[in-house]
Amino acid sequence: MAEEGNRTTIMITNDDGIDAPGLRALVNSLVATNLYNIQVCAPDSEKSAVSHSITWLHPIAAKKVHIDGTTAYAVSGTPADCTSLGLSKSLFPTVADLVVSGINMGNNCGYHIVYSGTVAGAREAFFHDIPSISISYDWVKEKSNLHDFTLAAQACIPIISALLVDIKNQRYPQKCFLNIDVPSNVANHKGYKLTKQGKVLTKMGWKQIASEAEGRKMSSDMTNADIPAHADVNTSSISPESLLFSREVKGSQLDHDDNNDHKSLQEGYITVTPLAAISQAGEDCQNYFKDWLQNVSECPSSSAL
């Protein structure tokens with residue numbers, strides 16, 4: 001265990017940025033327990049839906065910032081960059097015992113897990129053999145409020161504490177990490193429920209626009225497209241001949257499996273979904289292509305098409 005002053009160490013990252021209310025609520029709640037050494041290594045600006053992208057072609061900058069009760073850095077990279085840098089001992093003297101990514105504004109269920117920078121922050125720790133959790137709150141416009149992030153953090157602290165006990169006693173399974181989604185009505189949640197990743201997906205489309213000012217910024221939950229686009233987006237390199245397009249929501253694909261993460265979340269449970277990083281197709285696909293590949297000619301001709 002990475003102990004400083006006899007305290008275990010938790011590193012916090014996210015994809016909404018170091019100033020995001022979800023991260024601050026999580027940090028404040030953990031600091032308030034007076035049990036842990038808290039490191040923060042998070043993006044210096046919003047990096048929602050960047051998935052597991054990493055910075056490769058240029059250096060990234062890390063600036064030390066003040067967050068009470070922590071050692072914190074704002075990083076000009078992605079969530080995966082932040083986790084990797086934070087665990088490298090380049091910023092912090094010790095490697096964290098647990099990485100927690102979040103709390104995200106908006107759920108990360110089903111296929112949205114693929115797009116999520118929040119989940120990638122935890123997955124990157126998994127790649128480094130460090131136990132990790134991603135946490136998301138199912139923010140609902142005009143219903144949720146910032147205090148709900150604090151309630152979500154407090155609701156997840158028992159999971160964090162229990163994991164640290166298992167880590168200390170070397171019982172934690174190294175073959176997975178946890179993705180946690182907290183329901184919108186967190187004050188009246190129905191408890192924890194073990195779930196599987198489902199297939200829910202927000203269907204996205206594109207709308208041609210005349211100018212950047214006309215575009216709308218997609219919110220981090222990938223469901224609302226009514227937020228004005230960032231004014232600081234650099235469009236100076238866009239030529240007058242270029243066509244501009246903005247994402248828009250077209251609908252949703254639901255999953256009716258009783259034990260999937262999104263359905264259980266909507267029922268009011270705090271969903272706990274073990275994840276790994278291998279994306280293998282189902283057995284039926286494996287069997288189909290096993291037979292199919294045997295029949296593929298070494299020199300296929302166009303006549304077979």
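Predicted model: local features only at pLDDT ≥ 70, side-chain atom pairs only at ≥ 80, totals over all residues.
## How α1 and α5 meet

The crossing of α1 past α5 is right-handed.

Which residues make the contact between α1 and α5? On the α1 side they are P21, G22, A25, L26, S29, L30 and T33, and on the α5 side F149, T150, A153, Q154, I157 and I160. Sorted by class, this contact holds eight nonpolar and five polar residues, with no charged ones.

## The nonpolar cores

Let's turn to the cores. The largest nonpolar core has 40 residues, and I12 and V40 are the members that touch the most others in it. Helix α5 is the biggest contributor to this core, giving 11 residues. In soluble globular proteins, nonpolar side chains tend to be buried together.

V40 is a handy place to start exploring. Leaving aside residues up to four places away in sequence, V40 touches I12, I18, L23, V27, I67, T70, T71, A72, Y73 and F92.

## The chain as a whole

Stepping back, the protein chain contains seven helices and 14 strands. Of its 305 residues, 46% count as buried. Among contacts between residues at least 6 apart in sequence, 79% link residues at least 24 apart.

Methods: Residues numbered from 1 in each chain as written. Heavy atoms only, no water. Left-handed = near helix turned anticlockwise from the far one by under 90°. Helix = DSSP H or I, 4+ residues; strand = E, 2+ residues; numbered from the N terminus. Contact = heavy atoms within 4.5 Å. Nonpolar A, V, L, I, M, F, W, Y, C, P; charged D, E, K, R; others polar. Core = buried A, V, L, I, M, F, W, Y, C linked by side-chain atoms within 4.5 Å. Buried < 20%, exposed > 50% of the residue type's maximum accessible area, 1.4 Å probe, protein only.
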